[in-house]
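Reader: I've got a structure to look at and I'm new to this. Could you walk me through how to read it?

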Amino acid sequence: MTPSLGCLSALIAGFFSVHVLQKLCFPYFWRDLKFLLRVMRYGVNLELFKLRSRVHTVLDRFIQQAQRVPDKPFVIYEGSVHTYRDIERRSNRLAHVFLEDVKLRKGECIALLMSNEPDFLCVWFGLAKVGCSVAFLNINIKSKSLLHCVNCCGAKTLIVGADLVESMNGILSSLQQEDIQVWAMKSHTEHTQVHTLLDKVEAASEQPVPASLRATTSLKAPTLYIFTSGTTGLPKAAVITHLQSLKGAAGFWAFGATEDDVIYIPLPLYHSAASLIGIGGTIELGATCILKKKFSASQFWNDCRKHDVTVFQYIGELCRYLCNQPPTAEDMVHRVRMGVGNGLRPDVWREFQSRFGNVKMCEVYGSTEGNLCFMNHIGKIGTVGRSNFFYRLLFKYDLIKYDMVKDEPVKDQHGFCQTVKKGETGLLLSKVSALSPFFGYAGSKQLTERKLMRNVFAKGDAYFNTGDLMAEDQEGFISFRDRVGDTFRWKGENVATTEVTETLGLVEFIQEVNVYGVEIKGHEGRAGMAAMIIRPGFSFDGSKLFEHVMRDLPAYARPLFIRLQEEMEMTSTFKQQKFQLVQSGFNPSSISDLLFVLDHQQQSYIPLTDCIYHSILAGERKL
C-alpha cells in the first residue's frame, strides 16, 4: 500500500470514528446546532434593530405581508375568508375612527374586551397603527376584576365586542365614575353610556394613517398588556414589549413551519399563546390561520380536514379532550403534521400520536411575563424543552434546591442558593440580564419585585422565579415536575401531582383527573385527593382503582380520597383549577359530589360517609 493510500485510509477511519463517537455521545448535536443557528439568526436581526433608528414590529411585518400577498387568506372564520388586504383596510378604517371620533392619541393604553373574531385583529391593529398599546381582557372576568384590569394598565377607553355589551350592565356606572369611556363594535345600542363604532367605520377612509404614529425606536416599548390568571387574587397585567412579541412571532418559524402551512387557532386571543405565537406566527410566515370562536373537540378534526390544516395550537388539556372523543374510521385522515403548545402530559402525548398518527408535538415552555423559553424541537415525549452547552452560553438559568416543608429555597452557610444535580428536581430560576430582561407587571412595582429573587448566587444578582419545579436529565432534556404550590408533602415525602395524575390516567374508566392535597386535622402535610370524571360507558370501580394505586404508586403518593365530578373546573386556557378543590376539602356533608376513601381492610375505595369522616378527624382511623 502506498503512503498516500495509507493516509487516505487513516483519514477515512478517523472521520468514521468521529462520526460514530458523535452518534453515541452526542446524538442530537447536528439537530441542536441547526435549530440554534436558526434561532440565533432571528436573534441577530432583533439586536440589529438597536443599531437602527426604527424597530420593525409585528404590525410592520403584517403591513409588509399585506403588500406582498394581498389576496392570500389571512383569517378564515366561521366559513368567511378574510385576506391580508381585507384586514389591512378594515384596520385602517378603524384607525381613522380612533383618531377622529374616539380622539385617541399616541402613547395611550386602550383596554380590549372581545371574543375571538376577525374584528378582534382589526381593532388590535387599528389601535397599534395610531400608536396605542392594547390591554387584552379575559372575557370571563366580571365586575370588580374587570374594573381592576382596566385601571391597573391606566386605560381610559374600553372597546367591547358586540356580543359582550349586555354583560357590561352591572359595571357601566362604575366605569363612568372612573371617567372611562366605553365603545362597542355595534352600529347602535340602547345603552346611553356606550358609544358605537361600526356606524362610523363604514364612512371612514381605508387609506393608511401616518406611519409615524406607530413608529417606535425601542424594542423595550410596551405594545400589549396580557393578564395572567390569578387563582387566589386579582389578575396581573404582564407588560409585553415589542421584543417579546417579535420573539413569540418566531415560534412557528423556529419549528420549521412555512407560508404554505394552514394554522388552526382554537385558543382565546386574549391569551399570549393565541395572540403572540398564533397570530404573530401566522403573520411572520405570511401563512393562513383558521380562527375558532372557541375550542370544540367534536368539530376539531372535521375543521382540520375541511381546511387542510397542517399546524395546530394546543394548551393544557386540549389534546386530552380530543383523545376522549369517540374513535372514528377517519381519525388518521388529515394533513396535520405539527402541534405547538404546552402542558401536554406524557400519557396523553402517547395516546394522541397512537390514535391520530405521527403528528410532531412541539412543546414550548415559558410564561407570559417570563424571560426564559425552552423549546422541545426534538419532540421527545414528556419533555418541555431542551438545553445544551450553546443554549447555556446565551441564556443563564439554574435549577436550585427547594425545601417543600419550609416552602423556600435551600441556602448554604453563606446564604446563597444551591443548584441540584442532573436528574434531580429543582426550582427553575432565570437570570435577569440585558439579553433576558424581565419587564414585570403594569401598575405594581411590588408585584414585579415579588417575582424576582435577589442575591441568589452572588450579592447583587437578580433572577426571575418561575415558580416551577423542573428536572434536567443527562442528555439536556428538561421536564416539568410541578408548580411550587401544587406539590405537597405527606408522610415526610414530596408528592408531585403531575406524576400521580399520569399514573391514575392509565385506569380505563378514568377520563380526566385532577390531583391535589387536603389538610387533615392532627396530621402534618396534606393527604392526596383526586377529583375525577368517569369515562362514558364505564362506572367507578373502587377495587380496581385500589389495585392500581397499590401496584403503581408508593404509599405516600396514593390518593386517600376520591371525588367524582360531572365536569372539571378549568381556566379559560384549559388548565385545571385546584384552588377551590383544595379549599372545599373532603367533608361529605358540605360536598354534593360522591366521595370515596381508601380502605385497606376492604382493599377498595369505599364511600366516604359522615361516620368515617368524623372518625378520621378524631384520629380513630389509620391513614
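Reader: Let's start with contacts along the sequence. What share of the contacts with a separation of 6 or more comes from residues 24 or more positions apart?

Author: The idea is to ask how far along the sequence two touching residues sit. Here, residues 24 or more positions apart account for 68% of the chain's contacts with a separation of 6 or more. Keep in mind that this is a predicted model.

Reader: Okay. How many helices and strands does the chain have?

Author: There are 20 helices and 30 strands. To judge the overall packing, you can then compare the radius of gyration with a rule for globules. The chain comes out at 27 Å, close to the 25 Å that the rule gives for 623 residues, so it is as compact as a globular protein of that length. As for its extent, the C-alpha trace spans about 90 × 80 × 60 Å along its principal axes.

Reader: And what about the surface? How much of the chain counts as buried?

Author: Of the 623 residues, 55% count as buried. The accessible surface comes to about 28500 Å², and carbon and sulfur atoms own 53% of that.

Reader: Let's zoom in. Is T241 buried or exposed, and how can I tell?

Author: Look at relative accessibility, where anything under 20% is buried. T241 has 0%, so it counts as buried. You'll find T241 in strand 9, residues 236-241. Leaving aside neighbours within four places in sequence, its contacts are L219, K220, A221, P222, T223 and F439.

Reader: Can we try another? Which strand holds C109, and what does C109 touch?

Author: C109 belongs to strand 3. Its relative accessibility is 8%, so C109 is buried as well. Not counting residues up to four places away in sequence, C109 touches S133, A135, C153, G154, A155, K156 and Y225.

Reader: Now a strand. Which way do the residues of strand 17 point?

Author: Follow the side chains one by one. In strand 17, residues 397-400, Y397 and L399 point one way while D398 and I400 point the other way, and all of them are buried. Next, look for a partner: strand 17 runs antiparallel to strand 20, residues 425-431, and four bridges join them. Across that pairing, I400 stands opposite L427.

Reader: And helices? Why do residues three or four places apart point the same way?

Author: An α-helix has 3.6 residues a turn, so residues at that spacing end up on one side. In this structure, take helix 11, residues 272-285: 14 of its 14 residues are buried. Just after helix 11 comes G286, with a positive phi of about 75 degrees.

Reader: Which residues have a positive phi without being a glycine?

Author: K103 is one of them, at about 65 degrees. K103 sits in the loop between helix 4 (84-100) and strand 3 (109-113). D179 also has a positive phi of about 65 degrees and isn't a glycine. Its loop runs between helix 7 (172-177) and strand 6 (181-184). With a relative accessibility of 60%, D179 is over the 50% cut-off, so it counts as exposed.

Terms used
Residues numbered from 1 in each chain as written. Predicted model: local features only at pLDDT ≥ 70, side-chain atom pairs only at ≥ 80, totals over all residues. Heavy atoms only, no water. Helix = DSSP H or I, 4+ residues; strand = E, 2+ residues; numbered from the N terminus. Rg over C-alpha atoms; globule rule 2.2 N^0.38 Å. Buried < 20%, exposed > 50% of the residue type's maximum accessible area, 1.4 Å probe, protein only. Contact = heavy atoms within 4.5 Å. Areas by Shrake-Rupley, 256 points an atom, 1.4 Å probe, with all protein chains shown as cover. Pairing = 2+ DSSP bridges.
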